[in-house]
Amino acid sequence: MTYRITDTARYDINHFTIREMTECGKALRTIGEGARSMEEVADRIVRYLYDNLIDGETGMRACALVRMFKTHAYEGLDAELQEFAQKMLGDKPAYPGMKCMVLLATTGDEQQWRSRKTSKGHKAVPLPSEEAINEIPMFLPLIEQFGMKADMLIKPDPKFLLDLEQRAYNVYYVPEALGNPYISAQKGFIIPYKIRSILGFGGLLPSGEMFAVPIFFKVPVSREAADLFRPISLNVKIAILPFGKVVFA
């Protein structure tokens, strides 16, 4: 399924420059005005990126899927998300402080991708151990690029995170997803939706929680364009910061 964009704020990912990065970052920095929760802001962020990142050659959306995740303690989740996380754990019991990678917002080409509540496998992914984090192909590289190790996310050191939170903004980049042995779901997602490049950016919040925004592109994305999403991470952080105590709508 394809969609033609009619908005004026469009950014050609094939020619994504500092100017486009600055304009996009400015829009995202203020996108939370009037919102009531972090979830609402996250929804605006993923929809903005999905609508306005385009393939300049066709005028179509460049992304098949855009999502936003945030780590969150199990005890702070509602009953539905706790049940989801527990089912993923199987026989292993959840514990109150266990970190979960929670899907805050999602949108994409398919109808079922446009609400976090209709996600089949990513509503609240439990992270009970280093081994569990190591099995998430996109999340782990972001953690490592922040200068962290998996155990720091499970048992954060406040002094270390305070320093890291001020400077950690990075990008996870896969130039060619098709046929990449490190990217799972080739038959179920990558191949049928013709995913070419994957880009993820994120950062750390003052609470020590981490946010991540993975974007799945239907067109190739250059390293130069991917690197320009580092500053966009900071703008997204600024947008969600006021909602640290009101995460869910």
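The following dialogue examines the fold of one predicted protein model.

Trainee: How are the residues numbered, and which confidence limits apply to this predicted model?

Mentor: Residues are numbered from 1 along each chain as its sequence is written, and side-chain values use heavy atoms, with hydrogens and water left out. The model is predicted, and totals for chains, interfaces and linings use all residues, whereas side-chain atom pairs count only at pLDDT 80 or more and local features need pLDDT of at least 70.

Trainee: How many helices and strands does the protein chain have?

Mentor: Both are DSSP runs numbered from the N terminus, helices being H or I with at least four residues and strands E with at least two. Counted in this way, the protein chain has ten helices and nine strands.

Trainee: What percentage of the residues of the protein chain count as buried?

Mentor: Buried means under 20% relative accessible area, exposed over 50%, and partly exposed in between, with a 1.4 Å probe and protein chains only. Of the 249 residues of the protein chain, the buried share is 53%.

Trainee: Are α1 and α2 roughly parallel or roughly antiparallel to each other?

Mentor: Axes are lines fitted to C-alpha atoms, for helices over the stretch in contact, and angles run from 0 to 180 degrees between N-to-C directions. Angles under 35 degrees count as roughly parallel, over 145 as roughly antiparallel, 65 to 115 as roughly perpendicular and the rest as oblique. Helix α1 (residues 18–29) packs against α2 at about 155°, with the axes 10 Å apart. The two helices are therefore roughly antiparallel.

Trainee: Which residues of α2 make the contact with α1?

Mentor: Contact means heavy atoms within 4.5 Å. From α1, the contact is made by Cys24, Ala27 and Leu28; from α2, by Ile45, Tyr48 and Leu49.

Trainee: How is α1 oriented relative to α10?

Mentor: The axes of α1 and helix α10 (residues 229–240) come within 8 Å and cross at roughly 15°. Residues that meet there include Met21 and Cys24 in α1 and Pro231 and Ile232 in α10. The angle makes α1 and α10 roughly parallel.

Trainee: Is Ser37 buried or exposed?

Mentor: Ser37 is found in the loop between α1 and α2. Leaving out residues up to four places away in sequence, Ser37 touches Phe243, Val246, Val247, Phe248 and Ala249. With a relative accessible area of 1%, Ser37 is buried.

Trainee: Why is strand β5 described as largely enclosed by the rest of the structure?

Mentor: Two strands pair if DSSP finds at least two bridges between them. Strand β4 (residues 63–73) pairs with β5 in the antiparallel sense over nine bridges, and four bridges join β5 to strand β6 (residues 124–127), also antiparallel. Strand β5 (residues 99–108) is largely enclosed because, of its ten residues, the number buried is ten.

Trainee: In β3, which residue is the bridge partner of Ile54?

Mentor: An open sheet of three strands has the order β1-β2-β3, with mixed pairing. Strand β2 (residues 53–55) and β3 pair in the antiparallel sense over two bridges. In β3, the partner of Ile54 is Arg61.
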